[in-house]
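Reader: Before I take any geometry from this model into my own calculations, I would like to go through its secondary structure and packing with you.

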Amino acid sequence: RTQAEVLNEWANIRSKNLKKVTPTYKTKLDELIDKNILERNPIYSNFKGKKFPKSFRFHQNLSTDNLFLMQIKQRKKPRRHRRKTGAFSSYHETAMSWIDCFDLPEKFLQEYETICEESTWPDYERLQIVELNNKSWWHTVDKFGRYHTPLTNMNKKLRMFLCCKGSGIVGFDFANFQPALLEHFPTNSIAIQIPDREREHYKTLCKTGTIYQYMLEQTSHRTKAKAKEEFLAMLNKPNNSMKKMEMWTAFDRNFPHYSKVIQEIKVGSGKDPHKQMASFLMSKESQIIFGHVVKNFQEITSDSIPFFTIHDAVYTIKNSKKLLKQSMEEAITNCKISTFCKGEEGSTTCYPSQPTNVTMKSEKNLWLSF
């Protein structure tokens with residue numbers, strides 16, 4: 001949905017939560033309503049099991065009034081790393097120790113604004129820029145071992161403008177990673193033997209980066225991007241929904257034993273057994289990224305080069321491009337993954353800079369400082 005559609009919804013707020021903000025919340029809300037910043041729903045929003053005093057939303061004058069970036073000030077102090085949750089390994093700790101090096105330089109402010117404006121949720125994209133340079137930073141390792149920070153949520157186009165000590169960044173990820181990881185599910189545990197001819201065909205398509213192109217040619221989808229989207233949806237949908245997909249019909253016809261593997265992974269106990277596929281893929285991904293790539297890079301560089309991870313991708317400064325690629329390729333060889341690493345580079349010239357202010361384009365000229 002669009003940003004305007006969501007902002008037009010009424011938000012139910014409990015009075016006890018408002019009291020935590022301020023005991024005089026009623027007066028404050030009245031002030032915001034008088035200033036045409038908020039609207040109060042004239043209808044009480046109580047319903048069974050939920051007790052809310054009233055519901056509120058932004059005033060209609062503001063619901064379509066976007067924020068826009070004004071400036072990015074120099075950050076003079078390190079970020080405060082306040083939130084840290086999950087089971088951190090030594091390699092997660094290493095990634096966390098370098099995260100403070102990366103910022104968005106002010107010289108590309110207009111480019112950031114253009115990227116934000118072109119997105120579905122412009123203000124959300126701007127918030128990611130604000131959070132990047134906020135005083136409070138957070139780190140989470142989820143149950144699959146994947147590492148999350150404010151960088152994880154940032155638009156990829158914005159992320160490629162990140163700089164470290166005056167250097168732009170370069171990143172690598174694995175091509176066709178999720179399809180390639182299907183090979184690593186222990187088929188002996190589900191009593192499926194994949195014929196050599198089918199296995200070699202599938203491995204070759206993954207290794208050459210043509211699996212999505214091949215499936216495009218087997219279906220009526222118009223673009224490779226759409227074929228990829230449908231392929232990944234096929235991996236994560238419940239079996240009964242998956243079998244209604246054109247993509248699955250084509251995949252089952254060309255790779256009948258791999259299609260059985262997919263079905264068997266998503267069979268089991270629990271409310272949503274199909275989520276076992278996501279669990280397997282994400283757990284395997286984090287094992288490879290942190291157990292091999294980060295480990296290799298740390299050893300090759302003697303833990304002296306900054307980097308950060310975004311799920312199956314790793315980024316570092318440009319002059320360490322060859323070392324990062326070497327670390328990725330060693331992981332491919334050691335883990336026997338049918339893939340290759342593909343790279344991308346960010347902006348060429350950077351200057352250190354930081355914290356962000358945003359304002360609203362309205363007659364009231366409301367100023368929000370994060």
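Reader: How many helices and strands does the protein have, and what share of its residues is buried?

Author: This is a predicted model, and its protein has 17 helices and 15 strands. Among contacts between residues at least 6 apart in sequence, 70% join residues at least 24 apart. Of the 370 residues in the protein, the buried ones make up 49%.

Reader: In the open sheet formed by three strands, what is the strand order, and which are the edge strands?

Author: The three strands of this open sheet have mixed pairing and follow the order β5-β7-β8. A strand at the edge pairs on one side only, which holds for β5 (80-85) and for β8 (147-148).

Reader: In what sense does β5 pair with β7, and which residue is the bridge partner of H81 in β7?

Author: β5 and strand β7, residues 136-141, pair in the parallel sense over five bridges. Along this pairing K84 stands opposite H139 in β7, while the bridge partner of H81 in β7 is W137.

Reader: How are helix α11 and helix α12 oriented, and how do the residues of their contact divide by type?

Author: The axes of α11 (residues 211-218) and α12 (residues 224-236) come within 8 Å and cross at roughly 95 degrees. Because angles of 65 to 115 degrees count as roughly perpendicular, α11 is roughly perpendicular to α12. The contact is made by I211, Y212, Q213, M215 and L216 of α11 together with K224, A227, K228, F231 and L232 of α12. These residues divide into seven nonpolar, one polar and two charged.

Reader: What is the geometry of the ring pair F255 and Y258, and which cluster do ring pairs form?

Author: With ring centres within 6.5 Å as the criterion, the count comes to 17 aromatic pairs. The centres of the F255 and Y258 rings are 6.5 Å apart and their planes lie at 85 degrees, so this pair is edge-to-face. Both F255 and Y258 are buried. Ring pairs link these two residues into a cluster that consists of Y202, Y212, Y214, F231, F251, F255 and Y258.

Terms used:
Residues numbered from 1 in each chain as written. Predicted model: local features only at pLDDT ≥ 70, side-chain atom pairs only at ≥ 80, totals over all residues. Heavy atoms only, no water. Pairing = 2+ DSSP bridges. Helix = DSSP H or I, 4+ residues; strand = E, 2+ residues; numbered from the N terminus. Axes fitted to C-alpha atoms, helices over the stretch in contact; angles between N-to-C directions. Parallel < 35°, antiparallel > 145°, perpendicular 65-115°, else oblique. Contact = heavy atoms within 4.5 Å. Nonpolar A, V, L, I, M, F, W, Y, C, P; charged D, E, K, R; others polar. Phe/Tyr/Trp six-rings, centres within 6.5 Å; stacked < 30°, edge-to-face > 60°. Buried < 20%, exposed > 50% of the residue type's maximum accessible area, 1.4 Å probe, protein only.
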